[in-house]
Amino acid sequence: MDTHDRNPETDAPGFVAPSSSTVEPEWELNTLPGHPEDQVGVIPEEAIIAETTPANKAQKSRTPFQESLRRFRRDKRAMISLGIIIFMVVLAIIGPPIYQHIGGPYKGPFSTKTIGPNVYHTYDHQELDRTHELPSAQYWLGTDGIGRDLFARLMQGMLISIVLAVAVEVIDITLGITIGVLAGYYGGWIDQLLARLADLLFAFPGLLFVILVAGILGGWADDNLSKIPVVGPNGNARLLLVSLALAFTAWPLMARYVRGQTLQLREQQFIEAAKTAGTKDITILWRHIVPNLFSIVMVASTLNISGTIIGEAGISYLGLGVQPPGSSIGLMISQSSQSLSAYPWELLVPSLTLVIIVLSFSFIGDGLRDAFDPHSKD
């Protein structure tokens, strides 16, 4: 053989010539169903999508708020507590009218008139011949010392606690956000003035202030506020005083939380950009600052509800809150404690209800705090 016909690269020692039969990737030889003879070598669509689409784009990205809600829903303790609170709210609102249509009429031994469930299933109706009864088909939780339906009074007590807590939180959130945002955003003498006012209220015990207001103005409230149609002469007139007093002692803590968050927000770049663009301060506060306070306000108000309900129960237990013939959980505990040794279930029912409500709101607050905490991890 002529040496000029040799290839120096292929004839070098150790060179291995490639095989003429190439093996294609496995996914290239797949055939699609239908017509195998026409589809040999067609690349499956799934393979193209898998190579061209990143895995993180398969799911739609969630907003921080959606991520927080997802973490909250995964908290079983908080979700169970939320279910309990919803059940109690529904029971307190629609339970009394339904309960007043359950049962038949009867005539008492000391009465000549026949009364129906719309009378004896109310929270203020008395049957002196049916005192301290055990739970029965007519009175589901029994009766108290003067023959009143414990279940009807318990539903009324839960309604009082919920309404009072909502009223206090509305005032608390309004004052806390307004004062906290102004102090944190503007600073200077406004911050100093509001901070000194908050410190003054912090130095005075909140429960003692509520007792002082209810004790001094309670009689005036019974005579004047009971004329209001919504309140009425049913012993709930002092609730307005208690609500205002509790809210007045609660807003400084909310304002402190809001002020601290506002101090951080006003240094953010989107706030600086809004100022540079000439946006008015009121617009910045309303459209950029306040919406970003949602998480901290929600957590703080939920945790504060427990303290509000305990405060109202304590005031009513002392006889300075709801007055007879009205009903509240604290008043029921106070009245049933006099016959604790003989009829313990009359004290157990409202006390257990109060414990469940307070713990449920506390667990919900803990769940919200963990969910909206930016440093929390799954």
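These legends walk through several close-up views of one predicted model.

The model is a prediction, so local features need pLDDT of at least 70 and side-chain atom pairs count only at pLDDT 80 or more, while totals for chains, interfaces and linings use all residues. Residues are numbered from 1 along each chain as its sequence is written, and side-chain values use heavy atoms, with hydrogens and water left out.

**View 1**
The score to look at is pLDDT, the predictor's confidence in each residue, from 0 to 100. The chain averages 81, and 80% of the residues score at least 70. Confidence is highest in helix H3, at a mean of 95, and lowest in helix H1 (residues 45-52), at a mean of 48. The pLDDT is also below 50 over residues 1-5, a stretch with 1 contact in the model beyond near neighbours in sequence. A contact here means heavy atoms within 4.5 Å. Residues 46-53 stay under 50 too, with 1 contact beyond four places in sequence. As for the helix names, helices (H or I, at least four residues) and strands (E, at least two) are DSSP runs, numbered from the N terminus.

**View 2. Glu-67 and Arg-70 pair up inside helix H2.**
Side chains of opposite charge can pair when their charged atoms come close. The pairing shown is a salt bridge, meaning a side-chain nitrogen of Lys or Arg within 4 Å of a carboxyl oxygen of Asp or Glu. For Glu-67 and Arg-70, the closest N and O atoms are 2.9 Å apart. Both sit in H2 (residues 64-73), 3 residues apart, or about one turn of the helix. Glu-67 is partly exposed, with a relative accessible area of 22%. On this scale, buried means under 20% relative accessible area, exposed over 50%, and partly exposed in between (1.4 Å probe, protein chains only).

**View 3. Asp-191 reaches across to Arg-259.**
In this salt bridge the closest N and O atoms lie 2.7 Å apart. The pair links distant parts of the chain, with Asp-191 in helix H6 (residues 188-203) and Arg-259 in helix H8 (residues 238-265), 68 residues apart. Is Asp-191 buried or exposed? Asp-191 is buried, at a relative accessible area of 9%, and Arg-259 is partly exposed, at 30%. Elsewhere, Arg-196, Asp-199 and Arg-256 are linked in a network of salt bridges. The overall count comes to 9 salt bridges.

**View 4. Met-158 sits in the largest nonpolar core.**
In soluble globular proteins, nonpolar side chains tend to be buried together. A nonpolar core is a set of buried Ala, Val, Leu, Ile, Met, Phe, Trp, Tyr and Cys residues joined through side-chain atoms within 4.5 Å. The largest one has 27 residues, and those with the most contacts inside it are Met-158, Ile-309, Leu-354 and Ile-357. Helix H13 gives the largest share, 9 residues. Setting aside neighbours within four places in sequence, Met-158 is in contact with Met-88, Leu-91, Ala-92, Ile-329, Thr-353 and Ile-357. Apart from this core lies another, of 15 residues, including Ala-214 and Leu-241.

**View 5. Helix H5, from end to end.**
H5 has 37 residues and reaches 53 Å from its first C-alpha to its last. That is close to the 54 Å expected at 1.5 Å a residue, where the expected span is 1.5 Å times one less than the number of residues. Asp-149 caps the N-terminal end, with a side-chain oxygen 3.0 Å from the backbone nitrogen of Phe-151. Just after H5, Gly-187 takes a positive phi of about 65 degrees.

**View 6. Arg-148 is tucked into a loop, and it counts as buried.**
Arg-148 lies in the loop between helix H4 (117-120) and H5, and its relative accessibility is 4%. What does Arg-148 touch, not counting residues up to four places away in sequence? Among its partners are Tyr-123, Asp-124, His-125 and Gln-335. A polar contact of 3.0 Å joins the side chains of Arg-148 and Gln-335. Such a contact is a pair of N or O atoms within 3.5 Å; within protein, one must be able to donate a hydrogen and the other to accept it, and residues adjacent in sequence count only if both atoms are side-chain atoms.
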